[in-house]
Amino acid sequence: MSQPLTRVYTFYRNGFRAMTVGKTLWKIILIKLIIMFAVLKLFFFPNYLKTNFQTDEQRADHVLEQLSRPVVQNN
Amino acid sequence: MVDVDLSLVNWSRAQFALTAMYHWIFVPLTLGLSVLCAMFESIYVRTGDEKWKSLTKFWMTLFGINFAIGVATGIILEFQFGTNWSNYSWMVGDIFGAPLAVEGIFAFFLEATFFAVMFFGWNRVSKGFHLFSTWMVAVGSNLSALWILVANAWMQNPVGMAFNPETARFEMENFWAVLFSPVAMSKFTHATSSGFLLGSLFVVTISSWYLIKGRHVEMAKKSIIVASVFGLLASAYVGFTGDEAAFEDAQKQPMKLAAFEGLYKGEEGAGLVAAGIINSSKKPGDSQKPFLFEVKIPGLLSLLANRTLGSFVPGIDDLVYGNSEQKVMGVAEKMKLGQLAVADLAAFKQARQEKNEGAASEALTRFTANKEFLGYGYLDTPEEAVPPVSTLFYSFHIMVILGSLFPVLFLAFLFYTVKGKITETRWLLPLGVLSYFLGLVAQQTGWIVAEVGRQPWAIQGLLPVKMATTNLAVGHVQATFFMFLGLFTLLLIAEIKIMLKQISIGPEGL
């Protein structure tokens, strides 16, 4: 590694090592991101149009169909 | 026929509101506290006094806790766009997808670089570069709020774009009109300045608690002086931008203004309600009184809405049923034009499918003539265009009353601290402890005014929320609503516990 990159690496490494409350915060951030992306996004929040339609043309047709028909409300 | 399940729409709205409201607990504190940290550090660098360094590091730690707990909570809103609001997401995706992604990448690199220097760089980089990094974090944090607020402003006032009926998408016509629309500017400045105000209240709250306990007294007094001066300036700016926001509402979303003022019958020289109790059984068009009790300041609403004392401010009834004398087009009339636009959109789609270019061109011409009323074509009744009046009235007035109280509070704290009597002013300190929580109430009620006030629209006048949703099973949305409630509550508990522990340790533990 060239010297500037080594210095940057050392800077971050020492910074992370010296953290106190930061270590707890990083754990929270990682757990949160895992829950959000590996659980919520994957199993509960699929992109509806990407999942159910193959092409942008089909997606446009679907939305246009929704927009161009009269509405029936169910309370 | 499009089958719209209103309970699905309402649960989707509730889920979005829950996520946005939790997100907005963390965001404004990040915006305000980042600037205050930079101010504290600037004083340290200027004076060389180590006490200011210790003070800066303390507030920076609390800023870091809030940032870490709040970071990425906004991404959940993007998940919801793709799942619960797929029609809306498709229609605006071309416009907002790229800038929001760029903003995310920009924020990531800014944070990875300058956050690291801010937290790891004490005694490792020069004082000047450290201070520069802290200011860059403050500027970057505030700038990263820009695009999401521009996107929100566009939904309230859709300018600079055109709807393409071929692709069912809005396409950018004028980038600068979108970015610099008066609504976008007032939203950005009002939201960020209210964050500055909240950050100042946070510092006052913690410092007041220290003063009550007799701990870290010198640090608390120094913090209060800076936070009070900054809070006073921020309060003035919030007032100015709030006035601008109300003026923009009057011009672009008059129904919102009429609803949050409980104004049913339009008036010339309309008065602003200073305090009142709404008659909750009042409906548009009936003869009941709108208030059980009210105190009005004559002429002030006209001044606020049109910058002229005697000018006409349309009420809910004028906007729903029309007022030909004042040239106000009613919702019923707009609905007819909207229904024509929906029918012409259907005719255009069918003609394209049949490859009948002549018929498609004619349908498109007819659609273009009425396209600005498209959203009204999906309403069932003219009264559907009225947002919930009681919710708006109370939210708006709570926000304004609290917003008027904060500068008085800052002034009192500044006066007694400079006089050296703050520790003896026992009546003021509990108010100081309470002040951050009142600030949170003002923040949340402000967003209720902005978002509930634009109902029933996802995009003002063009797309009602009921047409923006995905046709999902309502049980799915209910399940994820409670999942979010659980997740966010855990995060909030974590924030409070870690924050309280750090506050209890105080600056000496750093």
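Which loop of chain B is B:Pro456 found in? Select B:Pro456 and you land between helix H16 (428–452) and strand E8 (457–459) of chain B. Helices (H or I, at least four residues) and strands (E, at least two) are DSSP runs, numbered from the N terminus. Now show the bond from B:Gln455 to B:Pro456: this peptide bond is cis, with omega near 15°.

Before moving on, some ground rules. This is a predicted model, where local features need pLDDT of at least 70 and side-chain atom pairs count only at pLDDT 80 or more, while totals for chains, interfaces and linings use all residues. Residues are numbered from 1 along each chain as its sequence is written, chains are lettered from A in the order in which they are written, and side-chain values use heavy atoms, with hydrogens and water left out.

Next stop: B:Ala168. You'll find B:Ala168 in the loop between strand E2 (161–164) and strand E3 (169–172) of chain B. B:Ala168 isn't a glycine, yet its phi is positive, about 60°.

Now pick B:Lys222 and B:Glu218. They form a salt bridge (a side-chain nitrogen of Lys or Arg within 4 Å of a carboxyl oxygen of Asp or Glu), and their closest N and O atoms are 3.6 Å apart. Because they sit four residues apart in helix H9 (residues 217–252) of chain B, about one helical turn separates B:Lys222 and B:Glu218. Over all chains, the structure holds 17 salt bridges.

Time for a helix pair. Select H2 (residues 50–70) and H18 (residues 474–505) of chain B: their axes come within 10 Å and cross at roughly 170°. Axes here are lines fitted to C-alpha atoms, for helices over the stretch in contact, with angles from 0 to 180 degrees between N-to-C directions. So H2(B) is roughly antiparallel to H18(B), a label for angles over 145 degrees. Contact means heavy atoms within 4.5 Å; residues that meet include B:Phe58 and B:Leu62 in H2(B), and B:Leu491 and B:Ile498 in H18(B).

Finally, colour by chain. The contact takes 61 residues from chain B and 43 residues from chain A. About 4,500 Å² is buried between chain B and chain A, with 73% from carbon and sulfur atoms; buried area is the accessible area (1.4 Å probe) that two parts lose on being put together, summed over both. How many salt bridges cross the interface of chain B and chain A? The rule finds zero.

Technical notes
Parallel < 35°, antiparallel > 145°, perpendicular 65-115°, else oblique.
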